[in-house]
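Thanks for coming, everyone. Let me put the structure up, and then we'll walk through its charged pairs.

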Amino acid sequence: PLKSIERLSGDEIDQIRVLAKLRTKHAIDLVADLEIHWLAVARARLALADVHQAAAAELLGIGVKGKIDERNRSVVSRSYYAMYSAARAVLAYNGYGDIDGHEKVAAKLNGSSIGKQPDRDRVVAALNKFRALRNEADYSPFYPAPLGKDAKLAFAEGKAVVRICRGWVR
């Protein structure tokens, strides 16, 4: 059921909660079941963030300092996807449904009351900054800055963002 749960929108979650109120005579707690499954989805997405982060760490360790090559490009990309996966996990866990547009994830998180404002601001800023850098790293042969420096920065900020997001999923 996790794949079905993963793709629910916020409106669909609200509809399920209404149905749950109607089902009390059968002693079925659909809301609690939904929350248990959303927690499983969030944990799976956090595990995916860890996979992306581990790939970035491995690539960062073998990259040539300052050289623009596929490994440094991939560090930026994997680090961004670690942040993106973690942010999606948080939104899903907090009942916002499946948000899968890159800009939508940052905007929805920014408009939420999840976590403390400074942490939320940091996560949103990182999502926006590193999405743009990931686009450059993935699609442009003319990366505008020292890629080795950006790879290290993306990796460090990715670790921080995943740590913050993990703290928001309990």
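First, a term: a salt bridge is a side-chain nitrogen of Lys or Arg within 4 Å of a carboxyl oxygen of Asp or Glu. How many salt bridges does a search of the whole structure find? The search finds 10.

Some ground rules. This is a predicted model, where local features need pLDDT of at least 70, side-chain atom pairs count only at pLDDT 80 or more, and totals for chains, interfaces and linings use all residues. Residues are numbered from 1 along each chain as its sequence is written, and side-chain values use heavy atoms, with hydrogens and water left out.

Now helix α6, residues 117–139. Helices are DSSP runs of H or I, at least four residues, numbered from the N terminus. Helix α6 has 23 residues. Buried means under 20% relative accessible area, exposed over 50%, partly exposed in between, with a 1.4 Å probe and protein chains only. Buried residues in α6 include Val123, Leu127 and Phe130.

Next, a pair inside α6. Arg134 forms a salt bridge with Asp138, the closest N and O atoms 3.4 Å apart. They sit four residues apart in the helix, about one helical turn. Arg134 is buried, at 5%. Asp138 is partly exposed, at 34%.

Arg122 and Glu157 meet at 2.8 Å, N to O. Arg122 lies in α6 and Glu157 in α7, residues 147–168, so the pair ties together parts 35 residues apart in sequence. Arg122 is partly exposed, at 35%. Glu157 is buried, at 15%.

Conventions:
Helix = DSSP H or I, 4+ residues; strand = E, 2+ residues; numbered from the N terminus. Expected span 1.5 Å × (residues − 1).
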